[in-house]
Structures are given as C-alpha cells and as structure tokens.
Amino acid sequence: MNSLTNDPDIHAESEGLGDLGDDGFTYELDGDEDVELNVVGNSHEASSKTQVLLLEVGGLEKLRMFTDIFYQKAMADPHNDKFIRSHSDPHGERFATWIAEKFGDRSLPWQENRRNRPNCPVNLGRAGVVDVHDRSTAHYAAWHSPKRETEKWGDHFNLQDCRVWLRLHFWSLRESGLMESSPKFTQYYTKFIAHFVKVYERQAPQFVRDSVRWSEKKENTDAYLARGRTMPDVMVTPAEALR
C-alpha cells in the first residue's frame with residue numbers, strides 16, 4: 001500500500017484540508033476561460049476558481065446525483081464489481097463528498113463523513129484485517145476483494161481496470177446531465193481525474209479523453225449493454241492498447 005500512502009494527494013487527505021480561507025467566492029470565470037489544473041507540489045489544491053466551478057455544477061447535491069449513477073453502473077459491471085466488497089456501503093455519498101471537498105467545499109463534507117463513519121474492520125484473509133476509513137485503505141481492500149479471481153487477488157489496479165472505470169465514470173457524468181449543463185466544470189474535471197488516476201496506473205491518464213469520447217456515442221454504450229456489460233476492446237495488453 002506504500003504507493004498510495006506516499007502519494008502527495010493521499011498524504012494531504014490524511015492530514016485534512018484545514019482552513020480554506022475566508023467565506024465567499026473571490027473569483028469569477030470569464031466566459032471562455034479554460035481553468036488550469038491547480039496542482040501544487042504534485043498535489044491538487046482547491047482554489048477560488050475550483051470553488052466557482054463547484055458552484056456552477058450545483059454543489060454537493062448535483063455531485064451526489066452523478067456519483068449515485070456511477071456506482072449503479074459500477075456495481076452492474078461484472079469486471080468492476082469484483083473490486084466492490086459490499087453494495088450496501090454509501091459509496092456514492094463518499095465519492096461525492098470527496099469531489100466536493102477537493103473543489104473547495106467550505107463545509108469539508110468528506111472530512112465530516114470520515115469523522116462520523118463507523119469503524120469498518122474488513123477481514124481480507126491472508127492480507128489481514130484492515131479498518132477501511134479513507135481512499136488508501138478502501139483501495140487496498142478492493143485489491144483483496146473476495147470477489148476477485150484467485151490468481152488476481154491482491155493485484156493492484158491495472159490499465160484494463162482503469163479504462164473500464166473511466167468509461168463508466170464519464171458515461172455517468174454525461175448521463176447525469178452535468179456535462180451539458182456545466183461544460184467548464186467538465187473541462188476541469190477531465191483533467192482532475194487524469195491527475196488522480198495516475199497513482200493507480202501511470203499509463204491511464206492518456207485514456208481519459210478517449211473515455212469521454214467513448215461515452216459520447218450511444219452506439220458504444222448500447223453495444224456494451226448488448227455484450228452483457230463487457231468491454232472486449234479494453235481487455236488487451238498495455239502494448240496493444242497504446243498502439
């Protein structure tokens with residue numbers, strides 16, 4: 001789990017965001033402004049601009065709608081679902097509060113969620129018992145999910161895993177209506193996800209925009225559903241994927 005705990009973003013999350021500054025928004029975006037990803041010391045930081053984007057998208061309420069759609073798709077996907085130990089956990093809520101806090105929600109909803117979260121010790125067999133309480137421990141538990149094939153149990157996320165996740169993710173964002181209603185947020189969020197997915201698989205960021213484009217075509221999502229929610233074009237070696 002060292003690759004996660006040593007990541008600057010996850011390290012910052014373990015310490016909390018702290019004070020986000022004075023109340024109120026101090027910045028207004030120009031009509032065609034492309035907001036640059038705000039990364040400081042390899043860690044994403046909220047800013048006045050990301051707070052405006054959060055306001056534009058509709059805040060935590062709209063993010064909840066998006067992440068709930070995403071987890072419905074993620075749990076229905078036979079490849080992705082192997083990483084999800086329990087469907088009863090409030091995955092969508094946790095993800096929505098994490099996004100909101102990363103964009104500068106002053107109520108710090110993700111930290112509040114963590115403070116009020118009951119202890120969740122999970123027996124991972126040979127990997128021991130882990131108290132799942134943050135992003136690093138949640139993903140450690142996912143790698144050791146009892147749903148995974150024996151030969152893959154304990155393996156970290158690979159490029160195939162990330163590409164399936166990315167496609168479902170941006171399909172959900174599109175289906176939620178937020179891509180259409182909040183193009184500036186979507187533009188930034190695409191770069192935001194590319195930044196965060198690299199800790200799991202270094203080659204994954206270059207497939208982020210490809211996943212956005214995949215979600216745009218109904219023929220792609222229809223074919224995915226018709227094939228029993230599978231993506232055979234993704235189940236290739238990294239060398240084949242990068243051609």
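1. Let's start with the aromatic residues: this predicted model has a count of 24 aromatic pairs. One of them joins Phe 103 and Tyr 188 edge-to-face, with 5.5 Å centre to centre and 75 degrees between the planes. Phe 103 sits in the loop between α5 and α6 (109–116) and Tyr 188 in helix α10, so this pair ties together parts that are 85 residues apart in sequence. Both partners are hidden from solvent: Phe 103 counts as buried at 0% relative accessibility, and Tyr 188 counts as buried at 1%.

2. A second pair worth a look is Phe 185 with Tyr 189. Their ring centres are 5.3 Å apart and the planes meet at 15 degrees, so the pair is stacked. Both residues belong to helix α10 and are 4 residues apart, about one turn of the helix. Phe 185 is buried, at 0% relative accessible area, and Tyr 189 is buried, also at 0%.

3. How do α5 and α10 cross? The axes of helix α5 (residues 91–102) and helix α10 (residues 183–197) come within 13 Å and cross at roughly 105 degrees, and the two helices are therefore roughly perpendicular to each other. Phe 95, Trp 98, Ile 99 and Lys 102 of α5 make the contact with Tyr 189, Phe 192 and Phe 196 of α10. By class, that contact has 6 nonpolar, no polar and 1 charged residues.

4. Finally, please check Ser 182, in the loop between α9 (178–181) and α10. Ser 182 counts as buried, at 1% relative accessibility. The Ser 182 side chain reaches the backbone oxygen of Glu 56 at 3.4 Å. Leaving aside residues up to four places away in sequence, Ser 182 touches Glu 56 and Val 57.

Technical notes
Residues are numbered from 1 along each chain as its sequence is written. This is a predicted model: local features need pLDDT of at least 70, side-chain atom pairs count only at pLDDT 80 or more; totals for chains, interfaces and linings use all residues. Side-chain values use heavy atoms; hydrogens and water are left out. Axes are lines fitted to C-alpha atoms, for helices over the stretch in contact, and angles run from 0 to 180 degrees between N-to-C directions. Angles under 35 degrees count as roughly parallel, over 145 as roughly antiparallel, 65 to 115 as roughly perpendicular and the rest as oblique. Contact means heavy atoms within 4.5 Å. Ala, Val, Leu, Ile, Met, Phe, Trp, Tyr, Cys and Pro count as nonpolar, Asp, Glu, Lys and Arg as charged, and the others, Gly among them, as polar. Buried means under 20% relative accessible area, exposed over 50%, partly exposed in between (1.4 Å probe, protein chains only). A polar contact is a pair of N or O atoms within 3.5 Å; within protein, one must be able to donate a hydrogen and the other to accept it, and residues adjacent in sequence count only if both atoms are side-chain atoms. Rings of Phe, Tyr and Trp (its six-membered ring) pair if their centres lie within 6.5 Å; planes under 30 degrees apart count as stacked, over 60 as edge-to-face and the rest as tilted.
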